[in-house]
Amino acid sequence: MNSTGPTPCSRSWSISEDSLRRYVHFASESCIQELLSASDSNRFGNVGNDGWKILTDLDNGVEISKRRSGSFHTFRSRWLLRSVSPQQFITVANAIDAAKQWEQDLVEATYIKDLEDNLSIIRLRFGENSKPLFRNREFIVYERRETMEDGTLVVAVASLPKEIAAGLHPKQNNAIRGLLLQSGWVVEKLEDDSCMVTYVVQLDPAGWLPKCFVNRLNTKLVMIIENLKKLAQGCPADGDK
């Protein structure tokens, strides 16, 4: 029996909604556990052996770390947000608002399908006027939102496999299908209506991330969290109408 080679990227899979829901639920559960693990790592002086290297530790409560596995880079931004409740921040911790912070020329953000109340498939498309990193890039991602037993809020966002994404929404015109391996937020409640936010993102350098950009990503993460914080501060606080 002859072995088969890698599946071409142009191939698309037709998948039932029930199978899609099961797959995305399984994949997002794995992503959530990775996010929770990243948020717990290296806290309170407990430096582990898990590969996280602190790049930036600022006086305003910001910490930027990086972990590398083969060619993949995972970045983590951890920020203490004072006078911002978890409920305020979680309103802006989503795939669309984050995409706008990465690149303002987000020309389309469409909810393709809601699989459950807290689980959606979203299409993000950047235009021709975007910076080279995002120009004509298109992402088909899932977004899952969960509340843990201790009240911690988690949002997981990652790309669907290209074959499944092509079956749900065929690539159009000159769009380039990008790959977001893993990303998301862990939002923990602190005293005095403050919260600790951990934002994790793992990129595919072979697909869309130039090596020269890696060195500048820590600055970008600081800007993203700062901008999301400003958006969150404009949202109603707990109990406000």
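How many cavities of 30 Å³ or more does a search of the whole structure find? The search finds one. A cavity here is a set of points on a 1 Å grid over the protein atoms alone where a 1.4 Å probe fits but cannot get out; points are joined across faces, edges and corners, and volume is the space filled by probe spheres set on them.

The model is predicted, so local features need pLDDT of at least 70 and side-chain atom pairs pLDDT 80 or more, while totals for chains, interfaces and linings use all residues. Residues are numbered from 1 along each chain as its sequence is written, and side-chain values use heavy atoms, without hydrogens and water.

The largest cavity has a volume of about 210 Å³. Its lining has 17 residues (an atom within 4 Å of a point); Ala95, Ala99, Trp102, Leu124 and Leu180 are the closest to the centre. By class, 16 are nonpolar, one is polar and none is charged. H3 gives the most, four residues.

| Element | Residues |
|---|---|
| helix H3 | 95-102 |
| strand S5 | 119-126 |
| strand S6 | 137-147 |
| strand S9 | 180-189 |
| strand S10 | 195-203 |

The largest nonpolar core has 41 residues, buried (under 20% relative accessible area, 1.4 Å probe, protein chains only) and joined through side-chain atoms within 4.5 Å. Phe89, Leu124, Trp185 and Tyr199 touch the most other members. Helix H6 (residues 217-233) gives the largest share, six residues. A second, separate core of 22 residues includes Leu36 and Val154.

Notes:
Buried means under 20% relative accessible area, exposed over 50%, partly exposed in between (1.4 Å probe, protein chains only). Helices (H or I, at least four residues) and strands (E, at least two) are DSSP runs, numbered from the N terminus. On a 1 Å grid over the protein atoms alone, a cavity is a set of points where a 1.4 Å probe fits but cannot get out, and a pocket is an open set with protein on both sides within 12 Å along at least five of seven lines; lining residues have an atom within 4 Å of a point. Ala, Val, Leu, Ile, Met, Phe, Trp, Tyr, Cys and Pro count as nonpolar, Asp, Glu, Lys and Arg as charged, and the others, Gly among them, as polar.
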